[in-house]
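Open the model in your viewer and keep the selection tool at hand. The stops below go from a pocket to a helix pair and then to a sheet.

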Amino acid sequence: MVQLVSSRNISVAIIMLFVFFSGCTGMQQATDAPQNEDTSQQGQQEKFHKLPSEMNRSVANPISNEIPTSFFNAVELDTRTMSGKPGPDYWTQRAHYNIDAELIPADTLLKGSSTITYYNNSPDTLRNLFMELAQNLHKKGVQRSSKQEVTGGINLHKVTVNSKELSPIQMRSAPSGFSVNGTQMVVRPDEPLAPGDSTNISIDWDFKVPKTGADGRMGYSKDNLYYIAYWYPQMRVYDDVNGWFTDPFTGNAEFYHDFASYNVDITVPEQWMVASTGRLQNSKSILKEDIHQRLTKAHQSDSVVHVVTKDDFGAVTKSTKNGKITWNFEAEKVRDFAFSVTKESLWDATRASVGDRDGDESDDFSSINAIYRSSAPLWTNAAKFTRHAITFLSDYTGLAYPWPHMTSVEGGGIIGGGMEFPMITIIGDYKGRRAQSLYAVIAHELAHMWVPMQISTNERRYAWMDEGTTTFNENQAKKTYYPDKPNFDINDMQSYLRITYTDIEGPIMRWSDYHYNSFAYSKASYPKPATMLVSLRNLLGEETFNKAYHTFLERWRYKYPYPWDMFNTFEDVSGQDLDWFWRSWYYETWTLDHAIADVTVRANSSRITIHDNGLAPMPAIIAITLSDGSTVMRKIPVDKWLKGATKASITVEGLATKVVIDPEKLYPDTNRGNNRWEK
């Protein structure tokens, strides 16, 4: 039986106050009685009679009824708060993995054995332990969101709990055993796992490596590259909101995992290089001395060093009697583990400054690696691209990159774009593309090292939390690397707006695997939420936005935030009720369309009337050019529209010759054709 919510029946009464907030100051704002407006009896009567007809729009209602009861239960139990902070009794589960793996390239076979020590930090007694077998995406008959290569999935040879071997469960009432259903595995030990206790699960397995596995996120290319991910039995998340997370992996929406520590031995043929999540522990004993010296030098250098060149092929590792080399890696506080195995690849390395990571008021560094084949010439830039992105993102997010290295691996033939894993990413060869395209995908995949690799969001349900935030961060990185290029934020805004002219857009908050099609999923997960962060930054002001953004990241580092934790944090830090913003842009597919309805130029003044033709309320920023060549800025605050109005007027002294709504394109207006008037 699947347990989605722990057996704690709690009722909670929530009183939600919905207070509309006023627009930002700094520009003159429109009111019901604008400055210099006609105050004659006839003018006042005319204005009075117009007001009722303005009150004919939908008004964004609070989102409290959209928040699930399970989240309010967590608030009642003091694991979360309505201010966006983790509660005083917040907890997360932890695990430690000891894994021995061997890749046999000649057979495209991976063999492994692992022992998982699972720690129950929750207040609940766990009768069943849920695990994920993601490689079963490639098993015949398994639920999938797209066509996948069928290789047979993962073969389980032995399962033990606390040294007792378990058998497959034949009956639901069996006292112990294990069962497999698609990508989900359930382990039932003899004794339930009590709060504060731990258990050891050991599993032996193997599988045939698919050529383009997990929808192109792992696999092999030619006879010289393997990228191994989604490869080992892994504990599923048990959290304070929903208990066990049991949504299957169907190949589209990605993962939701606990933070864990790893000790992994990876055995491969000699002269094959392994790059991996975690710190390499035995480089000196497996690499040729000159290669080891170059690697050590590179990781202490601010310049890119060629660690392995074509001249080194066949002489990278030491030789052994059995022709195999075992690479050992250790990792702490990561939510997954992946590795690449390459032969005849180039290896460039350097280091990146990440700021003050340990609080000693001096700069710290992480090692940078780029591993690629000569068939990907654009990758000669990859090490410096990786270095720049890690340094920039450490500064921009306010969180220093926490791990010992970041490695970018070229995966042409497996993937076209990129896919992130802790400390390592696989990215296409980008052959024939511009260098900027490779920088963009590297910056994107490395931005994932913050969300979701440190701020562990649930990508299977809320892909927008990591993909949208990462797209936003990617754009900020590109601005610094290519300052003379067009505005990358506006490019993503235009990308989002394309779907608003169709009938297939789904709300951002729709669960990731339940969008109408891949186009709707991608727009709701990538450019639209990135655009909403830009809009929120413009709405709150950069200083307040950055403070709220950094606070959210810091609060939920190495924790599991839900959307409402993010929403509540922005409201907590800004001191504003933003329910109207979340409702309009995250829960609905409403759009923004401000229009210039009328410009009346009088003897010494100009009156501009703005219509709000859309449903999504946003401030209207108006630039008015006067006959003397000067420009004045005015603002209609969002309060005007939140009260139900669909039009508003402003009056300025002087003769208007041109009027433009949102001249800097701060907000995603669907129709800019009606944003401009010229005499």
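The largest pocket of this predicted model holds about 710 Å³ of space. To find its centre, select Gly417, Val441, His444, Glu445 and Tyr526, which lie nearest to that point among the 30 lining residues. Then colour strand E25 (418-421), helix H6 (435-447), helix H7 (463-481) and helix H8 (488-497): each of these elements gives two or more residues to the lining. H6 gives the most, with 6 residues. Colour the lining by class and the count is 9 nonpolar, 10 polar and 11 charged residues.

At what angle do H7 and H10 pack? The angle is about 65°, and the axes are 7 Å apart. The crossing is right-handed. For the contact itself, show Trp464, Gly468, Thr469, Thr471, Phe472, Gln476 and Lys479 on the H7 side, and Pro529, Ala530, Leu533, Val534 and Arg537 on the H10 side. By class, this contact has 6 nonpolar, 4 polar and 2 charged residues.

Next, go to the open sheet of 8 strands, where the pairing is mixed and the order is E6-E5-E9-E3-E2-E16-E20-E18. Now select strand E3 (residues 109-119) and strand E9 (residues 198-208), which pair in the antiparallel sense over 11 bridges.

Technical notes:
Residues numbered from 1 in each chain as written. Predicted model: local features only at pLDDT ≥ 70, side-chain atom pairs only at ≥ 80, totals over all residues. Heavy atoms only, no water. 1 Å grid on protein atoms, 1.4 Å probe; cavity = no way out; pocket = protein on both sides within 12 Å on 5 of 7 lines; lining within 4 Å. Points joined across faces, edges and corners; volume = space filled by probe spheres on them. Helix = DSSP H or I, 4+ residues; strand = E, 2+ residues; numbered from the N terminus. Nonpolar A, V, L, I, M, F, W, Y, C, P; charged D, E, K, R; others polar. Pairing = 2+ DSSP bridges. Axes fitted to C-alpha atoms, helices over the stretch in contact; angles between N-to-C directions. Left-handed = near helix turned anticlockwise from the far one by under 90°. Contact = heavy atoms within 4.5 Å.
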